[in-house]
Amino acid sequence: MTGKAGAAGRAAVRDWWRVRREAARRDAGMTTSEYAVGTIAAAGFAAVLYKIVTSEAVSGALESVIGKALDAPF
């Protein structure tokens with residue numbers, strides 16, 4: 001780009017980056033409440049996953065897969 005069009009394009013890119021940098025400074029990280037909500041959500045997900053993995057159906061399937069793998073001829 002050369003001339004006025006090139007200068008306008010560079011100015012637009014420079015302005016875009018300036019806005020992005022300012023937004024990044026305002027939102028530097030999570031707050032305590034966001035950490036708390038994230039921790040509670042992770043604990044809830046872990047509890048649901050634990051219940052699923054320890055259920056009879058999943059335990060039986062895992063035991064079957066492991067048993068077949070150990071009984072496989074070499």
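Arg18 is partly exposed, with a relative accessible area of 38%; the term covers the range between buried (under 20%) and exposed (over 50%), computed with a 1.4 Å probe and protein chains only. This is a predicted model, in which local features need a pLDDT of at least 70 and side-chain atom pairs count only at pLDDT 80 or more, while totals for chains, interfaces and linings use all residues. Residues are numbered from 1 along each chain as its sequence is written, and side-chain values use heavy atoms, with hydrogens and water left out.

The side chain of Arg18 forms a salt bridge with that of Glu22, at 3.4 Å from N to O. A salt bridge here is a side-chain nitrogen of Lys or Arg within 4 Å of a carboxyl oxygen of Asp or Glu. The structure holds one such bridge. Both residues lie in helix H1, four residues apart, about one turn of the helix. Helices are DSSP runs (H or I, at least four residues), numbered from the N terminus. Glu22 is also partly exposed, at 32% relative accessibility.

There is one aromatic pair. The rings of Trp16 and Trp17 have centres 4.9 Å apart and planes at 80 degrees, so the pair is edge-to-face. For this count, rings of Phe, Tyr and Trp (its six-membered ring) pair if their centres lie within 6.5 Å; planes under 30 degrees apart are stacked, over 60 edge-to-face, and the rest tilted.

The accessibility values are listed below.

| Residue | Relative accessible area | Class |
|---|---|---|
| Trp16 | 48% | partly exposed |
| Trp17 | 47% | partly exposed |
| Arg18 | 38% | partly exposed |
| Glu22 | 32% | partly exposed |
| Leu70 | 66% | exposed |

H2 and helix H3 (56-70) each supply at least two patch residues, and H2 gives the most, with five.

As for confidence, the protein chain averages a pLDDT of 85, and 86% of the residues score at least 70. pLDDT is the predictor's confidence in each residue, from 0 to 100. Among the elements of the chain, helix H1 (residues 3-26) has the lowest mean pLDDT, 80, and helix H2 (residues 32-53) the highest, 93. Where pLDDT is low, the predicted coordinates should not be read in detail.
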